[in-house]
Amino acid sequence: MKNQTVQTMTMSELRQASVDSLKKLSLLKMASSPVMFIVWVGTLLSAAITLYQAVQDKPYAMALITTIILFLTVWFSNLAESVAEAKSRGQASSLRSAKQSLKACRIKGESESWVAAADLIKGDRVKVRAGEYIPADGDIIVGVATVNESAVTGESAAVLRESGTDHSSVIGGTKLLSGEVVLEVANDPGNSFLDRMIGLVEGAQRQKTPNETALTVLLSSLSAVFLLIVMTLPAMANFMGARLDDTMLIALLVCLIPTTIGGLLPAIGIAGMNRALKANVVAKSGKAVEVAGDIDTLLLDKTGTITFGDRQATEFLVSKDADSIEMIKAAVWSSLDDPTPEGKSVVLLAENKGIDKPEAPADAEFIPFSPKTRISGVQLVDGSLMMKGASDSMKTWARDHQLSWPDDMDGLVRKVAKQGGTPLVVASNTAVLGVIALSDVVKPGVAERFAQLRALGVRTVMVTGDNPVTAGVIAAQAGVDDFIAEAKPEDKLALIREEQAKGRLVAMVGDGTNDAPALAQADIGLAMNSGTQAAKEAGNMVDLDSDPAKLLSVVEIGKQLLITRGALTTFSLANDVAKYFVILPAIFVTAIPTIGTLNVMHLHSPQSAVIAALIFNALIIPALIPLALKGVKVRAITAEKLLRNNMLVYGLGGVLLPFISIKILDVIISSFF
Amino acid sequence: MFEIVLICLIAVALAIPLGSYMTGVFSGQKHITDGFFSPIESVLYRLMRVNPNESMTWRTYGMAFLMSNLILGVVAFLLLKFQQVLPFNPDHIGPLSWDVAFHTAISFITNTNQQHYAGQAQLSYLSQGFLIVTLQFVSPAMGLAICVAVLRGMIGGKNNKTAKEGEERDLGNYYVDVVRGVVRVFLPLSLIVALLLAWQGVPSTFFGAQHVQTLDTQSSMSSQTIPVGPVSAMVAIKQLGTNGGGWYGSNSADPLENPTPLSDVIETIAIVLIPIAVVFMAGGLIRRKKFAWMSFAAMAILSVSFTAATIYSENQANAAFVGASAMGPNMEGKEVRFGSELSALWGALTTQTSNGSVNASMDSFNPLGGLMARSGMLVNAIWGGVGCGFVNFIVYVWLAVFLSGLMIGRTPEIFGRKIETKEVTLLSSLIVLPALCILGFTAIAVSFPSITGNSNPGFHGISQVFYEYASAFANNGSGMAGLKNDTTWWNLSATFMILLGRYLPLVIPLMIAGLMAKKRVTPASSGGLTLETPTFCVTLIAVILVLNVLSFLPAAVIGPIGEALQLSAVHVGN
């Protein structure tokens, strides 16, 4: 997915958003946001007043201006939602576009027939050959193939997909590069992950998340309070013998109710989903993204997540009786035909130490690794042997070949094991030479990410099948808070249950079929796209990049969603304090002149003051759309600091900003009067 | 100024140990006084036919609270309505009219003590000395019981360790809490204060009114009837229990209720003693001492600011006479014995704590002082009434936690329990309720001046009406006087307001606490919100102020603020 294409909106998209925002003006649609509904009703009332005054030949300019500004307020709020939707749609459709107008070769019994991809239903079997596009999400049941998934993930390197492994699932719209496979379609039409994701961001199917609902209730109650104020104020003024202007009262109401947050709330929610999608994470519900912000414990597989998938040679330890060049050469020779990543890493490490990879002589005889002997190596034509293997096996082998076991050998082996590595003893037919240390290598940047997570209050737990010593070393290097060693697949599920029983919200990353129960049990189950269909079904998010560290981004997106809502609510309420100082004097001054003293900002006239406040109120919505879409920046600082910063910026800032802005607007407006 | 600081310091110094004593009382800890109190309590449990070992959920606890109030209300109404045929009526006082009896009964069972009658002249000794005093003991104990139950709910109830997630929690036994509160807290403290007051000269007798010759026999009045009675006992509990209803109509401004400077100091301390102690009790009950100190800090900052503003206001010359080059502090409606500062201190504290007793006329405070008094009542959580004040405070805490929780990016939670839609909906109803009641009824009352009987037109007229309803809703009971409030309209509308202002703000938080108690508890993590920090304290104060400013500033502008501007405008004009 190309971020640039959706970052900036084209003019046509903006036009589309403007049209959409007008469609949202129907009273029925507006009712889902009580705050904006009140503004909309106020607009209609104000329009009626304008008409009435025009018919009565009374001055109606004030009422007309109010009507226009109120209408703009409603429209801006709808525009925010439409822009957010348009962006998400752009994001989603770039994913979906590849899938359209695809043909599929469906297998039914013996017969094969070509059908439109859209007609495929769950359980259909489809044959795909090299060079064809995969018509639907599914699992490979026969065959092995390389697939280019760049249409979905943006990653152009081909990936291997094979039936019966943990990497058997394929995504619709991606291209088969080589091989021929039969796959079983995983979803009915319109039900794929992408379809679901698109549905989530589009208004009609979007459901409010729990925190969003709670906030809507709170905002409605505040609006009710302001409605009560505006309804009771005329009676009190009347007692003073004053009559308040209806248009002014509507203006007061609209300025007071939390329109800023009320207008941006839907956009914030959609933008949160959009950010997830942008990070190449497909969430199955908006709630899942929101819950991600609350995660307390993060369960991670060691292999592939914290460390590179395989152990790598990290050190050559030479016995005191041997020559180091001889030892390294023996190590390299013994690994020349070793296809495992461990073997390759031995050669690589030697190259780093300045010993080039020798050409394997054609007549050399390689002794492959077997589970029985647990050693491997090479026998050259001259009969010399170069072997490597586990220390106990090599001890036996050395005894068999009448080689002495150097007395520092056991110490070297123990040293490697103590550091969490796997020792491989290297020997030639003349002597036992030394030890190769194989260790897990922690991925770069992992420790920093865990530190960030810790700052956000997330505990990381590493799960590994390794022995406790090895696990402990890696855990210390990666900086995880806790680790579980010698874990069996079912231990993950038990661990999640245990953490949840303590009241923690648990997230886990997984890709294998045996991870599925744990993914389902976890509050956030992030399945790798490269994983099995079962894992993807069980989790509530799928990472298209298959990068387990993506969970950090998801946690941040969840937090960002809540912080943006909280910050803008605070801002909206803080604004009201300033607005009171603008509107209360303006509304009373004609009727009760003494109250004019409260006009501390020395605004030009009651009319200019109210119009300035209304314009500020309306303009602040589009001004904040970028913030709503981008989200408030989340930094890895303590909760107290975060609260303090947000209170200062959005609370105190929210009190001060309208004072300054309204004064400036008033100066501009008064120059027209 | 020195004595004011001293009074505040003594109050706090006494409240801290009292708070930890109260923690023991309500957590059922063993105490050396058990040998004395336990038998009394057992007798009371048997008389009331309750099982002290029964545990109650928020539902049964709330029902017990409401039912006991209903029964007390009916009994109180009947006693007041038929006091002329009942014993202990040496002065042969007649019955109260049905609406006054109704208002008075409700006013006293709800710890409001708003009085639409003139104390000593309209009530028999049975009504005053037995009924009213009993209610003055029981009603704060009931509020305190609800507060204790809410606090237990906040940490998952008494069965937190054994109960499963989603299981109803044991919030204690309502009757036990009320009885222990009366027997172990209010009675002993009242005894001490009553003795101190009697020592200072407050009457304490069951003899009838005294008929005396006046010294100045030349004047038209040669003899005077001075009503007395068991006054010191009633004054003690009226002050301690945030009741406020005095023996005499002029309350603690009356020299018989408050004869000396020392008695004034004692009575002032008694106003805030238990409300402050409740804060420390709460810290003990939820085992979070730091939370108590954060709460204390928030309340103290607000209390000191409001009180300082009131004192400043009353040290200014009377606003009405500014143009007439009046000198010195505002002494209108104040006892010369106490002066402006002690009167202002009392006025500020009595409205903050929902007490409502007075030693000066609130009606005659300068506009700023009047504004502070009504702000104290509207916030209703700066110490607040015994128990109910802290419950209101918890409501503000919940709201602040909701907002702060969002701002730190976690689903809002307090002590590990999440605040979700259901709780927010209930909290929202508590945001709307005061505006609906106070603004709504004020608007209705000022729309029909014929029924409100205002003595003042204009801003002050609106202020009086607003104050009366705010006082009723806050269960404060103080009045701004000058309002002809002994009419059927006032009796009924104020009663309605008192009922709404008492029961909903107590039962709804109980419900929220009950709902939250059974939730899953998230252990504290560094990413969570810590309440015991200056940042949260400031956020909380901001939430308290902004909510009240937003709800009530417009009404204040055409009330005391408008009045102040008008008076200063007159001054400028001269």
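Which residue in β17(A) does D301(A) stand opposite? Hold that thought for the second view; the model shown here is a predicted one.

**View 1. Chain A as a whole is more spread out than a compact globule.** Before zooming in, here's the overall picture. Chain A holds 23 helices and 21 strands. Its radius of gyration comes to 34 Å, while the globule rule would give 26 Å for 673 residues, so chain A counts as more spread out than a compact globule. Along the principal axes, the C-alpha trace of chain A spans about 115 × 65 × 45 Å. Even so, buried residues make up 53% of chain A. Looking at contacts in chain A with a separation of 6 or more, 69% come from residues 24 or more positions apart.

View 2. Now for the opening question: D301(A) stands opposite V463(A) in β17(A).

**View 3. Seven strands of chain A make an open sheet with mixed pairing.** Step back from β10(A) and you can follow the strand order: β9-β21-β20-β19-β10-β17-β18. At the edges sit β9 (281-283) and β18 (482-484) of chain A, each pairing on one side only. From one strand to the next, the twist averages 20°. What is the sense of the pairing between β9(A) and β21(A), parallel or antiparallel? They pair in the antiparallel sense, with three bridges between β9(A) and strand β21 (residues 541-543) of chain A. One spot to look for is V281(A), whose bridge partner in β21(A) is D543(A).

**View 4. A second open sheet of chain A has six strands with antiparallel pairing.** Its order reads β11-β16-β15-β14-β13-β12. The edges belong to β11 (312-318) and β12 (365-367) of chain A; each has a single partner strand, so one side of each is left without a neighbour in the sheet. The twist in this sheet averages 20° from one strand to the next. Zoom in on β14 (residues 385-389) and β15 (residues 422-428) of chain A, and you'll find them running antiparallel, joined by four bridges. G389(A) has V425(A) as its bridge partner in β15(A). Helix α12 (residues 324-335) of chain A lies across β11, β13, β14, β15 and β16, running at about 80° to β14(A). Helix α15 (residues 409-418) of chain A packs on the sheet as well, touching β11, β15 and β16, and its direction makes about 5° with that of β16(A).

**View 5. Helices α10(A) and α21(A) are roughly antiparallel to each other.** The axes of α10 (residues 259-278) and α21 (residues 550-588) of chain A come within 10 Å and cross at roughly 170°. On the α10(A) side, the residues that meet α21(A) include I261(A), L264(A), L265(A) and I268(A); among those they meet in α21(A) are V554(A), I557(A), L561(A) and L568(A). By class, the residues of this helix contact split into ten nonpolar, seven polar and two charged.

**View 6. Helix α16(B) sits oblique to α17(B).** Over in chain B, the axes of α16(B) and helix α17 (residues 488-517) come within 7 Å and cross at roughly 40°. From α16(B), E468(B), Y469(B), A472(B) and F473(B) meet A494(B), M497(B), I498(B), L500(B) and G501(B) of α17(B). Seven of the residues in this contact are nonpolar, one is polar and one is charged.

**View 7. Chain B meets chain A.** In total, 56 residues of chain B are in contact with 58 residues of chain A. Four helices of chain B each supply at least two residues to its side of the contact: α13 (388-407), α14 (421-447), α16 (458-473) and α18 (534-573). Which of them gives the most? That's α18(B), with 17 residues. The side of chain B that touches chain A has 29 nonpolar, 24 polar and three charged residues.

Notes: Residues are numbered from 1 along each chain as its sequence is written. Chains are lettered from A and ligands numbered from 1 in the order in which they are written. This is a predicted model: local features need pLDDT of at least 70, side-chain atom pairs count only at pLDDT 80 or more; totals for chains, interfaces and linings use all residues. Two residues are in contact if their C-beta atoms, placed from the backbone, lie within 7 Å. Ala, Val, Leu, Ile, Met, Phe, Trp, Tyr, Cys and Pro count as nonpolar, Asp, Glu, Lys and Arg as charged, and the others, Gly among them, as polar. Axes are lines fitted to C-alpha atoms, for helices over the stretch in contact, and angles run from 0 to 180 degrees between N-to-C directions. Angles under 35 degrees count as roughly parallel, over 145 as roughly antiparallel, 65 to 115 as roughly perpendicular and the rest as oblique. Two strands pair if DSSP finds at least two bridges between them. The radius of gyration is taken over C-alpha atoms; the globule rule is 2.2 Å times the number of residues to the power 0.38. A residue is buried if 20 or more other C-beta atoms lie within 10 Å of its own, exposed if 12 or fewer, and partly exposed in between; C-beta atoms are placed from the backbone.
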